[in-house]
Amino acid sequence: MDRAELSITLHRTGDEVVLRLAGEIDMLTAAQLSTVVNEVLAEPPPRIVLDMGGVTFCDSQGLGTLVVLSRKASHAQSLLVLSNVGDFLLRVLDITGLRSALMIKNETAP
């Protein structure tokens, strides 16, 4: 079995931090995502955007991590926003009832 990979690229722009995620968010990589977001929350920006465009898989551990990070950001007076969320993940969020627990801003094509 291949080791799941998650790459995280951080961009600071004005009053927000954008984390571009690529790969899988699962039991092997969720801690890596938590670590990066917690480091950003050390000096919380008004907005943290998780660009999910490159995410190919997200298991229950990954979903739980997203919810926990969203709550942590909220407690730090920051807003955690998921963008470019793929159809597969939107379906999973709908099925699990977690869509309402997360802020999702997908770009809509004109």
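## Helix α2 and its cover

The buried residues of α2 are covered by elements that include β2, α1, β3, β4 and α3. This is a predicted model. The buried set in α2 comprises G62, L63, T65, L66, V67, L69, S70 and A73. Residues three or four places apart in an α-helix point the same way, because there are 3.6 residues a turn.

Helix α2 runs through residues 60–75. It has 16 residues and spans 23 Å from its first C-alpha to its last. That is close to the 22 Å expected at 1.5 Å a residue. At the start of α2, D59 places a side-chain oxygen within 3.0 Å of the backbone nitrogen of Q61. Just after the helix, Q77 adopts a positive phi of about 65°.

## The sheet

Five strands make an open, mixed sheet, ordered β1-β2-β3-β4-β5. From one strand to the next, the twist averages 25°.

β3 (residues 47–58) and β4 (residues 79–83) pair in the parallel sense over 5 bridges. Here V49 stands opposite V81 in β4. Helix α3 (residues 87–96) lies across β3 and β5, at about 100° to β3.

## The nonpolar core

The largest nonpolar core holds 27 residues. L21, L33, L50 and M52 touch the most other members. At least two core residues come from each of β2 (16–25), α1 (30–41), β3, α2, β4 and α3.

Beyond four places in sequence, L21 touches L6, S7, I8, L33, L50, D51, M52, G54 and V55.

Technical notes: Residues numbered from 1 in each chain as written. Predicted model: local features only at pLDDT ≥ 70, side-chain atom pairs only at ≥ 80, totals over all residues. Heavy atoms only, no water. Pairing = 2+ DSSP bridges. Helix = DSSP H or I, 4+ residues; strand = E, 2+ residues; numbered from the N terminus. Axes fitted to C-alpha atoms, helices over the stretch in contact; angles between N-to-C directions. Contact = heavy atoms within 4.5 Å. Core = buried A, V, L, I, M, F, W, Y, C linked by side-chain atoms within 4.5 Å. Buried < 20%, exposed > 50% of the residue type's maximum accessible area, 1.4 Å probe, protein only. Expected span 1.5 Å × (residues − 1). Polar contact = N/O pair within 3.5 Å; in protein donor to acceptor, adjacent residues only side chain to side chain.
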